[in-house]
Amino acid sequence: MRKIVIGLVAVAVLSAGCELETDPVAVQSADPGTSAEKSGGAAKSKKKTFPIKLTAKRARAKKSILSDGGALSCAKVTVTNQTKKQLEVNPLYFSITDSDSTKHDTSTALGDYEGQIATTELAPGEKATGLVCAKGKFQPKIVAMTNPLFDEAARAQVAS
């Protein structure tokens, strides 16, 4: 009986941990110092700091020799580590959401263009800049970055 109770408690603890909901990551505005989330104007008066500062601007990529010639939609991103720990950056950690709210995986275009953001580790205060692109012709609206466990870590509006 004791083994059954211990087993049930273990299952309850493990399943409770799986059901934890996390708040979505706030979208960093293309306008410096403001959040893109609608919060009654409060975000415009307060400067919000993010652990990972992410900025994005629409860009064109120079196609590489590996390109198949298809359309690419790109954003030039800058990732700034504002934490006290090392931050891993990898082109596989990005996605682009278009103006129709469709999420595009940037791994589909790896190797098709030059100047992609490098795979690197950023020390506190360091930044990395490069392109992230996805296949297809669309208007990039939001760029999202995940951490190595593929949990969303930062989101930013794409400036024109």
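The structure holds one disulfide, a term applied to a pair of cysteine sulfur atoms within 2.5 Å. The model is predicted: local features need pLDDT of at least 70 and side-chain atom pairs count only at pLDDT 80 or more, whereas totals for chains, interfaces and linings use all residues. Residues are numbered from 1 along each chain as its sequence is written, and side-chain values use heavy atoms, with hydrogens and water left out.

The disulfide is formed by Cys 74 and Cys 133, with the sulfur atoms 2.0 Å apart. Because the torsion about the S-S bond of Cys 74 and Cys 133 is about 110°, the disulfide is right-handed. Distant parts of the chain are linked by this pair: Cys 74 lies in strand β3 and Cys 133 in strand β8, 59 residues apart. Strands (E, at least two residues) are DSSP runs, numbered from the N terminus. Both cysteines, Cys 74 and Cys 133, are buried, where buried means under 20% relative accessible area, exposed over 50% and partly exposed in between (1.4 Å probe, protein chains only).

A nonpolar core is taken as a set of buried Ala, Val, Leu, Ile, Met, Phe, Trp, Tyr and Cys residues joined through side-chain atoms within 4.5 Å. In the largest such core, of 22 residues, the members that touch the most others are Leu 54, Val 79, Phe 94, Val 143 and Met 145. Two or more residues are given to this core by each of β2, β3 (72-81), β4, β5, β8 (127-135), β9 and β10. Another core, of five residues, lies apart from it and includes Cys 74, Tyr 113, Leu 131 and Cys 133.

Leu 54 is located in strand β2 (residues 52-59) and counts as buried at 1% relative accessibility. With contact defined as heavy atoms within 4.5 Å, and residues up to four places away in sequence not counted, Leu 54 touches Gln 28, Val 77, Thr 78, Val 79, Phe 94, Val 143, Met 145, Ala 154, Arg 155 and Ala 156. The C-alpha atoms of Leu 54 and Ala 128 are separated by 9.9 Å, the two residues being 74 apart along the chain.

One aromatic pair is found in a search of the whole structure. Rings of Phe, Tyr and Trp (its six-membered ring) pair if their centres lie within 6.5 Å; planes under 30 degrees apart count as stacked, over 60 as edge-to-face and the rest as tilted. The ring centres of Tyr 93 and Phe 150 are 5.9 Å apart and the planes stand at 90°, so the pair is edge-to-face. Tyr 93 belongs to the loop between β4 (87-89) and β5 (94-98), and Phe 150 to the loop between β9 (140-146) and β10 (152-159), 57 residues apart. Tyr 93 is buried, with a relative accessible area of 10%, whereas Phe 150 is exposed, at 57%.

Technical notes
Helices (H or I, at least four residues) and strands (E, at least two) are DSSP runs, numbered from the N terminus.
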